[in-house]
Amino acid sequence: MTTTVAAPPREGGSGRGIRRGEALAGWVFTLPVILILGIFLLAPVLMALWVSFSDWSGRGSPLSANVRFVGLDNYASITTGGGLPTRDFGISLRNNAWYVLLVVPLQTALSLFLAMLVNRAILRGRGIFRTAFYFPSVTSSVAITVLWLFLFSATGVVNEVLSWIGINGPNWFQDPNGIVHNALAAFGVTTGPPALTENDFLGLSWWNWLAGPSVAMTAFIIMAVFTTSGTFMLLFIAALQNLSGDVQEAAMVDGANAWQRFWRVTLPQLRPTLFTVLTLGLIGCWQVFDQIYTGTQGGPGKTTLTPAYLSYSSAFLGQDWGQGAAIAFILFAIIVVFTLFQRWALRERPVSRRRARQYQPSQPKEAKR
Amino acid sequence: MTRHKTRAILGTGALLVTGALALTACGSGFDDGGAGGGDASELTSSEDALTILIGSSGDAETDAVTEAVAAWSEESGIDATVQVANDLPQQLSQGFAAGSPPDLFYLATEALAGYAGNGSLKAYGDLLSNKDDFYPSLVQNFTFEDEFYCAPKDFSTLQLIINQGLWDAAGLTDADIPATWDDLATVAATLTKDGVTGLAFGPEYQRLGAFMAQAGGQLVSDDGTEAVANSPENVEALTYVQEQMAAGNFAYSSDLGAGWGGEAFGKQLSAMTIEGNWIQGAMTNDFPDVDYVVAELPAGPAGQGTMQFTNCWGMAADSPNQQAALDLVEYLTSAEQQLAFSEAFGPMPSAQSAAEQWTADNPDLAAFLAGADYAKGVPTNDGIAAVITDFNAQLEGLKAGDPQQILDTVQENTEAVVG
């Protein structure tokens, strides 16, 4: 350790010795990326943040002198204003929340299930299955959306197949009814209790918040699960192949059955991958845009309107750039909050005492003393 | 530790500097421009070539516009290029924000107020030599805060499209063409059979507005300063449509599994539809075997009424060569040129002097032009587009909804953007 005393300080570029100038070289090498990220990522984000606090009208530079700072006005008009912008934002949040609530668990479960299937060594033609499951993820979302519009049209393939088993399928992309409301209507419940219908949040009554995704949105939900589970399957396969067999074997020796091995041994080891998949899924689901833009533009009855599409339409079509930017930043906040929550929920926890006790040999009372 | 701190500071500093650099770079890239727009008297003039951005319906339209512009270029000696937008509102917004918009572009009525309000548009209407030749209602469509902004390039109206084969098969004759709401209900009921609905149209204000006009109602008063969406007339119109839908005589095209009225009509899911001039091209291309006639929509309690749709030639306030752009607009909106466009891709000339010739050329479509006398335009107030989108969303539920309640919401939303 005596050598370290003699070592020259490595700070800055002014150092002496063979390592001098290293820091400078480091900056030179990272500069291109810093510049590119700065110009194309950081600066636009900062500008958008400024737009969300300004009254920029879409003409000329948002940094010019005649653009005024309006504080939280843009945020207020979409959250507490009570007018059409507020209601639109409420509707879009409602739609997207249901979308997230259904897509994220379904796609995670399905991709894990598919990964377990194609990971088995005894399966013949694993490669073919993997490619088949992954294929929808490769195809452009626009192409898939167009395909979906055909499949789920009133006289489309899906309804044709449903008719074979005597079901009169809905006119999927034209049906604005929420599926929870539909289910309740089947039991004769068509209006909610006054507590739900008379109180509202973001201009939308609680009864409407609980309507569930519309039939049209359900078609999009099925599509999202179909297209994304292939990608996540790949992540799970990679994780599964990294698991060592001896833990499994040890569990087998202990007499754990297949279900217990999956639930108690495999799944806990997949936690980092699970976190990745859930996070990517959450982010992707809150940002859903392409499908809406190419498919329904928010219709029918605004039930496929999402914050991402609303942000686009209020900026580019409605010329309300501040509101559009504000929606984008609220969306950003939502995603961050969800990710943090998920990190907290999936954190490594010490084994609970109750659980730990199961694995400890029962001790005679005398030994305690 | 200190080393880390220095690095962190250095790093942040570098990012901030790049950020600032980027921002200033952007700042200088944008043309902050003057007030523009408002003052109609001064036009910029230079030798600059012109860029024209159009939202084209297809090759026929693109070719026709490109040819016309090329002919003008030849005559005037000023270069001009035509670009076809794949997303017109987005590309226009980008152009305005960057300070380099196209010199001339298609502009929809609902986009006028937004762009005019932020000074992106040049109000050149009063400088046009053929200003008085346009239909007054079209001029009204492109007037914002008492200034005539841009020349209507053409227009379309809605009328009643009737399937000749089904009409004859039901034993109906020319004498049965409906003149009143009662007549319409009767023929629609007669035509409703064998899985065919009498009348189908899109679930939107842009179709149902015709009934509102026939009842004497509209969303915004003629001068654009008062919301009149929940008037008794509008309630009467929606109630009539609702009753007919409940009786099964009318239906939304979406309920029949069609994307729009023309598709329901072409597939013979409905015997009649309410559509505009564009139906002609759709029928020729997609359903050449369906024989149809165009009749005027029936009169409602307040007389005849329909909707009209139009676009104008918008001119950018930032355009460096507005003088030439004005000249080009005059050329493109001249009666002869508009008749040539009409022949190429179907819309009706916005110039009244071309009306007679157009009717002579298109006797079967005369009803569309007749609508110009009593048609109502879509309101042009800033922010009305979101109101109409919301109205459309609610109209989808008209069958089970309450017209008064729907219109009350629309009234509330309209009041927020009017005046």
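1. Which helices of chain A and chain B each supply at least two residues of the lining of the second largest pocket? They are helix H2 (22-52), H16 and helix H17 (321-345) of chain A, together with helix H3 (88-98) of chain B. A word on the labels: helices (H or I, at least four residues) and strands (E, at least two) are DSSP runs, numbered from the N terminus.

2. Before going on, some ground rules. This is a predicted model, where local features need pLDDT of at least 70, side-chain atom pairs count only at pLDDT 80 or more, and totals for chains, interfaces and linings use all residues. Residues are numbered from 1 along each chain as its sequence is written, chains are lettered from A and ligands numbered from 1 in the order in which they are written, and side-chain values use heavy atoms, with hydrogens and water left out.

3. Back to that pocket. Its volume is about 1100 Å³, and 32 residues line it, with A:Pro44, A:Ala48, A:Phe316, A:Ala325 and A:Ala328 nearest the centre. A pocket here is an open set of points on a 1 Å grid over the protein atoms alone, with protein on both sides within 12 Å along at least five of seven lines; a cavity is a set where a 1.4 Å probe fits but cannot get out, and lining residues have an atom within 4 Å of a point. Grid points are joined across faces, edges and corners, and a volume is the space filled by probe spheres set on the points. The lining of this pocket has 26 nonpolar, six polar and no charged residues (Ala, Val, Leu, Ile, Met, Phe, Trp, Tyr, Cys and Pro count as nonpolar, Asp, Glu, Lys and Arg as charged, and the others, Gly among them, as polar).

4. The largest cavity has a volume of about 40 Å³, and its lining residues include B:Tyr205, B:Met212, B:Met307 and B:Lys376. Helix H8 (205-214) and strand S13 (375-377) of chain B each give at least two residues to this lining, and H8(B) gives the most, with four. By class, the lining of the largest cavity has five nonpolar, four polar and one charged residues.

5. Now the rings. Over all chains the count comes to 42 aromatic pairs (rings of Phe, Tyr and Trp, the last by its six-membered ring, pair if their centres lie within 6.5 Å; planes under 30 degrees apart are stacked, over 60 edge-to-face, the rest tilted). A tilted one is A:Phe289 with A:Tyr309, at 5.9 Å centre to centre and 35° between the planes. The partners are 20 residues apart: A:Phe289 is in the loop between helix H14 (271-286) and helix H15 (290-295) of chain A, and A:Tyr309 is in helix H16 (residues 307-317) of chain A.

6. A:Phe289 is partly exposed at 22% relative accessible area, while A:Tyr309 is buried at 4% (buried means under 20%, exposed over 50%, partly exposed in between, with a 1.4 Å probe and protein chains only). Both belong to a cluster linked by ring pairs, along with A:Trp56, A:Tyr293, A:Tyr312, A:Phe316 and A:Trp321.

7. Over in chain B, the charged end of B:Lys153 sits over the ring of B:Tyr106, 3.9 Å from its centre. The test is NZ of Lys or CZ of Arg within 6 Å of the ring centre and within 35 degrees of the ring normal.

8. Two backbone spots to look at. Most residues other than glycine have a negative phi. A:Lys302, however, has a positive phi near 65°; A:Lys302 lies in the loop between H15 and H16 of chain A and is buried, at 6%. B:Glu145 also has a positive phi, of about 50°. B:Glu145 is in the loop between strand S4 (143-144) and strand S5 (147-148) of chain B and is exposed, at 67%.

9. On the record side, an unreviewed UniProt entry lists "transmembrane region" for spans of chain A, including residues 131-154 and 215-240; positions are in the numbering used here, feature names are shortened, and annotations may be inferred rather than shown by experiment. In the model, residues 131-154 of chain A are 79% helix and 0% strand, with end C-alpha atoms 31 Å apart. Residues 215-240 of chain A are 100% helix and 0% strand, with end C-alpha atoms 36 Å apart.
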